[in-house]
Amino acid sequence: MKIHHLNCGTMCPWGCHWLPQLSTVPMVCHCWLIETKTHLILVDTGFGTSDLKNPTQLGPSARLFGWDRNPQQTALAQITRLGFKATDVREIVLTHLDLDHAGGIADFPEAIIHLLEPELSAAQPRRGLMNKIRYRPAHFSHNPKWQVHPVATGEAWMGFQGVREVKTWPPELLLAPLIGHTAGHLGVIAKASNEKWLFHVGDSYYSRDELDSKRSLSLGYRYLRLTAHHNRSMALQNQQRLSQLVHTQTPIELCSSHDLRELAAHAPTPNL
Ligand SMILES: [Zn+2]
């Protein structure tokens, strides 16, 4: 099993270049492309081809996030550059269905889309203003091949509950519920070849600095922490568990979706 670390969308929220007090660095969309013996598995997609063609389908938050609209950054473009075909991606795991994570699923219409059951239940009726903003119907209009997983199954793993193998995945790949940022937010754990664990934690935090109480956060990140989580208390509990994980001797590396430094640790030229 080999993991490619892709940036499938650069964002400059709140005009980060000229308002550094709000956000000092661009945000990325850190996705995994996993080569197994038989096929490719994509963890999150970032923005997709249809978003490039019709950015208004992203709704009001697209301007706020300052998405770069770079056609070289779609997962499809990068997978093609690596010499694969779209149909080689037979499975996609979505940490959640937010527009900056699920925008590219229509580029892989044959793929099975794994997600947790409460996520699909929240995204399909889109009740409430926040759900209307974050879940974009255009991303799901091609009738995706959903494979929903219940939250309450699996086992305990290093302080996290409900961790489980998935039948069609290699055994060194695990699904881990991380409810909080959204109703059905999840993470993906991988046993890397060097005996290290890698943990894709989606939007459990936006900046790695959130795991360190001694670091001060910029205004923009503080605003996101206050407003973007579906269940703030559960999201902060996840952050505490993740903080404990990285401050112990556990040989584990976290990959959150939007922290450029974490992406750069695995992709020295992170395709910004
Ligand atoms: Zn996100």
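## A contact at asparagine 70

A polar contact is a pair of N or O atoms within 3.5 Å; within protein, one must be able to donate a hydrogen and the other to accept it, and residues adjacent in sequence count only if both atoms are side-chain atoms. Here's one to look at: a polar atom of the side chain of asparagine 70 lies 2.8 Å from the backbone nitrogen of glutamine 72. Asparagine 70 sits in the loop between helix 2 (61-65) and helix 3 (75-81). Helices are DSSP runs of H or I with at least four residues, strands are runs of E with at least two, and both are numbered from the N terminus.

Is asparagine 70 buried or exposed? Its relative accessibility is 19%, so asparagine 70 counts as buried. The cut-offs are under 20% relative accessible area for buried and over 50% for exposed, with partly exposed in between (1.4 Å probe, protein chains only).

## What kind of model this is

This is a predicted model, where local features need pLDDT of at least 70, side-chain atom pairs count only at pLDDT 80 or more, and totals for chains, interfaces and linings use all residues. Residues are numbered from 1 along each chain as its sequence is written, and side-chain values use heavy atoms, with hydrogens and water left out.

Two strands pair if DSSP finds at least two bridges between them. Strand 7 and strand 8 do this in the antiparallel sense, over 2 bridges. They form a hairpin with 2 residues between them, and methionine 158 in the turn has a positive phi of about 50°. Tryptophan 157 has phenylalanine 160 of strand 8 as its bridge partner. Strand 8 also runs antiparallel to strand 9 (residues 173-177), joined to it by 2 bridges. There, arginine 164 stands opposite leucine 175, and glutamate 165 stands opposite leucine 174.

## Rings that meet

Rings of Phe, Tyr and Trp (its six-membered ring) pair if their centres lie within 6.5 Å; planes under 30 degrees apart count as stacked, over 60 as edge-to-face and the rest as tilted. That rule gives 5 aromatic pairs. In one of them, the rings of tryptophan 157 and phenylalanine 199 have centres 6.0 Å apart and planes at 90°, so the pair is edge-to-face. This pair links distant parts of the chain, 42 residues apart: tryptophan 157 is in strand 7 (residues 155-157) and phenylalanine 199 in strand 11 (residues 197-202). Both tryptophan 157 and phenylalanine 199 are buried.

Phenylalanine 199 also makes an edge-to-face pair with phenylalanine 160, at 5.5 Å centre to centre and 85° between the planes. Phenylalanine 160 lies in strand 8 (residues 160-165) and phenylalanine 199 in strand 11, so this pair ties together parts 39 residues apart in sequence. Trp157, Phe160, Trp197 and Phe199 form one aromatic cluster.
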